[in-house]
Amino acid sequence: MVKILWVDDEIELLKPHIMLLESKGYEVDCCNNGYDAIDMASSQNYDMILLDEMMPGMTGLETLPHIKEQRPLTPVVMVTKSEEEHIMDKAIGSQISDYLIKPVSASQIILLIKKHILSRQLFTEQVTADYREEFGRITSSVSVASTFREWSNIYRRIVGWDIQLSKSSDQSIKEVLSYQLSEVNQEFCRFVCRNYKNWINGTSDNIPVMSHTLMRKKIFPVVDSSPKTTLLLIDNFRYDQWRMISSFLGGLFDIEEDDFYCAILPTATQYARNAIFAGLMPLAIDKLMPNKWLNDNEDGGKNQYEEDFLMRQLQQNGKNYRTSFDKLVRPDSGRKLLDNLRHVYDADFSVIVYNFLDILSHARTETDILRELTEDDASFRSLTASWFEHSELFTLLKRLSEHGHTVIITSDHGTVRVNNPVRVQGDRETSQNLRYKTGRNLAYNAREVFEIQRPEDVQLPSINLSSCYIFAYNHDFMVYPTDANRFIRYYKDTFQHGGISMEEMIVPYIVLQPKR
């Protein structure tokens, strides 16, 4: 039951309103002075307090801070005869939730109750009803989806509902969405398995833009048409995270393009990011520049030559841009870049690789408190937004807007929260990633993974002559039989990448134009 405290020195005149509110099921306590109001607010919990601004003895404005000290989260509505601006400034500055001008009616009070108390309940009821209708439409779209663009649109819709329903208090509808996401992801995995080889080998009529064609097909045309362009590649960046940070950029940029491209397999930095900057699939990189490619079983950094790859791709495509390249892999790197941005401002095409989200994903796996803070996708999104609002990255985007830069925001791959273990056996040469494995003598259930027996069929290099690749589906992760239970407990519900899912493969591609 909603419980209200109404404070007014003429409370007897308001009895008809109070009786109407009580007939609607609301409980109303009354008093006629600020002193009693403070005592009552300190001794009882109220859902809302109506506070008269003009009362003898202690005014509403004088009473307000004492009430807020006792009940800082309780909405207080100021009721006043005066519309003088300085009075309302004082009231708003003292954290009132709303105000009414006398004379007031019971219907106004009911609207305020719905606005400040019942809004979450009403939102939950409406968004639940809307999603139940949308559930069938999404299912129908999945049954006929035959192109990457159609799957991207389905993913966009599901992400939108995931963000909406995360604000709902109806746990059951969240579980329905989680079930639908898993089912849709499973169908997406089947779609990828049917088409991936044809995409990579150019034998399909509907080949999406992929990692190795991203620069040529999408990024270079933007650079050609803009005076200054900055590519911001954020590792592990998903579309739902873009939705969370986009609200901070509304005053700085207009969104010119909000699209997706398809990350190659494995959806791992070593493969996908090198393919972006080289404009080549990993097998071609290995053949053309063997001294700049390391296989999974070889020691050393796997992404040391991204700038070299980019310069080669620019030359191959006849692009003579003045270019800068920065890679931020340590927490203090962002501050150092902000202190020296002249080379970015001077370049026609500047590239900034930002590794924070990848670091955060790994830290979450290893740190108990981060796991508790980000127990699901919604909380991980929330943490991303909180970080971004206070980050050097946000400051960087403000400065790029001020200097008139077109900004492209994208990633090399996304990340997925894993929860279903799949058992795999391999030798000591087998790669360590939880979402894909490559090596020889792999033992697995072929129905549980996407297997590539001949890596050259999808333009991937081989560790040795008998190597193959296998990729995890949906929210699966691969575990070895030895000490499997401990391994499962440690990695379950962590964020991983390398396999096949909408979250990993459908990568956001955003073009922002600075506001003039």
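Analyst: A residue is called buried under 20% relative accessible area, exposed over 50%, and partly exposed in between (1.4 Å probe, protein chains only). The model is predicted, so local features need pLDDT of at least 70 and side-chain atom pairs pLDDT 80 or more, while totals for chains, interfaces and linings use all residues. Residues are numbered from 1 along each chain as its sequence is written, and side-chain values use heavy atoms, without hydrogens and water.

Leu-232 has a relative accessible area of 2%, and therefore counts as buried. Leu-232 sits in strand β6, residues 229-234 (strands are DSSP runs of E, at least two residues, and helices of H or I, at least four, numbered from the N terminus). Not counting residues up to four places away in sequence, Leu-232 touches Ile-352, Tyr-354, Leu-393, Leu-397, Ile-408, Ile-409 and Thr-410 (contact means heavy atoms within 4.5 Å). Ile-352 is 120 residues from Leu-232 along the chain, yet their C-alpha atoms are separated by 5.0 Å.

The structure holds 32 salt bridges, each a side-chain nitrogen of Lys or Arg within 4 Å of a carboxyl oxygen of Asp or Glu. One of them joins the side chains of Glu-134 and Arg-157, at 3.0 Å from N to O. Glu-134 belongs to helix α6 (residues 119-144) and Arg-157 to helix α7 (residues 148-165), so this pair ties together parts 23 residues apart in sequence. Glu-134 is buried because its relative accessibility is 10%, whereas Arg-157, at 28%, is partly exposed.

Helix α7 also carries Asp-162, which forms a salt bridge with Arg-381, the closest N and O atoms being 3.0 Å apart. Arg-381 lies in helix α18 (residues 377-389), and the two partners are 219 residues apart, a link between distant parts of the chain. Arg-381 is buried, with a relative accessible area of 2%; Asp-162 is partly exposed, with 24%. Both belong to a network of salt bridges that also includes Arg-238, Asp-240, Asp-377, Arg-417 and Asp-493.

A further salt bridge pairs Asp-308 with Lys-292, and here the closest N and O atoms are 3.5 Å apart. Asp-308 is in helix α13 (residues 306-316), while Lys-292 is in the loop between α12 (282-288) and α13, 16 residues away. Asp-308 is partly exposed, with a relative accessible area of 36%, and Lys-292 is partly exposed at 24%.
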